Amino acid sequence: MKRILFLFVGLIIFNSGTAQINTWRVQNPSFQPFTLHGVQMLSLNHVFSCGEQATVIRTNDGGTTWDVKNRIAGLYITFYCMNFLDDNFGLIGADSGLIFRTVDGGDNWEAINTNIQTHYTGIVIVDKRTALAVSFQGNIIRSTDGGSSWLPVSFEIPEQFTNIRKLNLGFITIAGKHGALYKSTDQGRNWQKIPLTSDTTVIGNDIIGQVFFDNYTAELVGDLGGIFRTMDGGAMWTRQTLVPPLTAELRSIDGKGASTFSAVGDYGTVINTQNGGTSWTRMNLGITDTLLSISYYDRYNAFAVGEGGVILRTVDGGASWTFVPSRPLTDRLGGVAFFKGDTSLGIAVGHYGTILRTTNGGEHWDRVNSGTTEDLSAIMFKSTLEAFAVGDHGAIVRTNDGGVSWTPRSSGTTKLLRAVNFPSPLVGFAVGDSGIVISTTNGGTTWTTRPFTKKRSFTGVAFYDDLHGYITSDHGVYRTKDGGATWIAPDLVTYYMSCTAVAAPSANVVCVPYYPCDVLGSVPPAPPYPPAGILMSYDGGENWVNHEFPPPSDYTQWPLLNSVAFEDDLHGTTVGGYYRGPLTGSRVYHTNDGGKNWVQQFPDIQNGLYGVSFGTKQAGTAVGYGGVIIRITTNE
């Protein structure tokens, strides 16, 4: 076997001078993808919300259209909570000890440093001069000049505070972890503990959301589906339950009246009561995103916000909810495909058999019936109208009408299929877990399992023609010169390479992104951490050039690249994210010189990316976590 030569050529070049002219645009979620932590209704039509990436959004038409401000003051911090006194004066509590203030209805924001390194979890404006904020680290701060400056409030026992709310000028409450609940009747100068007991049992639930309807009646929500009600000012609390019991963490509760109110929380949970909590109804909205905040304007109208920028509205007191401005596509997307030369017709696939289809370059995506509920990992167009998608438990689905309808095909395996490739109309290959390789010689009508001695996890497959192809695995790159009858095993050096994808635009050029793993394939290997990078071959896989990323000091900073697409021998793009348990933070690199140099691009998203496809070198689409879809057009 000919030895694979690794030539270490140094760092990837990040020279913005050779970058694509245009930038990646978010197509889904429709107008902004960042998680929203706070929301407040000022009127039926006027609503504010805030969240990650220093984001503030507002609407003046009840949610039909939104004005979006990202990275206020050029910051990448998170806005956790907000409160407006009127249409003009508002405050936001953020991380890094910062509070933001507006006096013109959100047109401009002033950053105020409180000189406390914390993130504020609750903020409330008492009157035009007085305001209070609390933090998860137990800080209480108070302003007497309309939020321009802040001073700490003395508090004997620091608590982990989760929020603060105002009933009226003489009744303000703070909630926190482990059953913490306090009230102030002097605008926050002094605080009195409200004991939480239910049938003489101390309530130890984390209290994350709270609402007092008057001095005596209140509802609290928190972890483990905890819901508690008092009607005597907190002397005694009653635990309320759903049938079946709720275990999801509840994050926020609100209402305008002691009978009708709603709470939101993890896994897309929305619960509603019309009788003061005697009975609750759980709404099935078909989402799993955590909902973090809810705000009622009157008995009937409310907004709720959460992960991935999801926004919900009710106009009937929580009996029904609609997505604003429309329902987002939130299922994780694992692959996307545009046929070569076509920038209009595209298909994306993902979790639970999700298939999305566009006929206008992604300006609008429609969900279509895939005929399967299995997670789909990858898709490839075989012709202008025919495409195959593969996924979990050996799932294969096929379309011959451009993705309008789909038919399941038998793969002959129950293993997870991760990639599919057709080098010609009749010949195709799919690969996946436990060394599974299947092939077809009749255009995908039937599939045959190909024997493979190594039971590796195969992650990608690319054939230049019917004979010459490559399979990436958790231990390197396998290649064949005889249509898969025999395979040349990878020759690995110093550490194992877990290769994640492969592109072979011609007989000579091959591109493989990789990251390191230990001898057993575990991630991460022990420190010192070896680098991740991109392998390029210019002689059909005989020799490889290794473009390394700088070795990380912390394995969570590894750029994991999941997919690669080359439009020709010169133009290619690879996408991924960071290794932090779930993949987070987008990573995109582009080359226009055959992989000799790579330019990092910066989409305005926080989602990890799993698939990328270019119909031409002027138009590409990438998809990923949380249903994110981004697109770039360029005249490069």
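Predicted model: local features only at pLDDT ≥ 70, side-chain atom pairs only at ≥ 80, totals over all residues.
Residues are numbered from 1 along each chain as its sequence is written, and side-chain values use heavy atoms, with hydrogens and water left out. Local features require a pLDDT of at least 70 and side-chain atom pairs count only at pLDDT 80 or more, whereas totals for chains, interfaces and linings use all residues.

Strands are DSSP runs (E, at least two residues), numbered from the N terminus, and two strands pair if DSSP finds at least two bridges between them. Four bridges join β41 to β42 (residues 428-432) in the antiparallel sense; Leu 417 has Gly 432 in β42 as its bridge partner.

Rings of Phe, Tyr and Trp (its six-membered ring) are paired if their centres lie within 6.5 Å; planes under 30 degrees apart count as stacked, over 60 as edge-to-face and the rest as tilted. The pair of Phe 171 and Phe 212 is tilted, because the planes stand at 55°, with the ring centres 5.2 Å apart. This pair links distant parts of the chain, since Phe 171 belongs to strand β16 (residues 171-176) and Phe 212 to strand β21 (residues 207-212), 41 residues apart. Relative accessible area classes residues as buried (under 20%), exposed (over 50%) or partly exposed (in between), with a 1.4 Å probe and protein chains only. Phe 171 is buried at 6%, and Phe 212 is buried at 9%.

Phe 339 and Phe 381 form an edge-to-face pair, with 6.4 Å from centre to centre and 75° between the planes. Phe 339 lies in the loop between β33 (333-338) and β34 (346-350), and Phe 381 in strand β37 (residues 376-381), 42 residues apart. Phe 339 is partly exposed at 23% relative accessibility, whereas Phe 381 is buried at 6%. Elsewhere, ring pairs link Phe 429, Phe 452, Phe 458, Phe 463, Tyr 478 and Trp 487 into a cluster.

A charge sits over a ring if NZ of Lys or CZ of Arg is within 6 Å of the ring centre and within 35 degrees of the ring normal. Arg 332 lies over the face of Tyr 610, 4.1 Å from the ring centre, and Arg 631 lies over that of Phe 338, at 5.2 Å.
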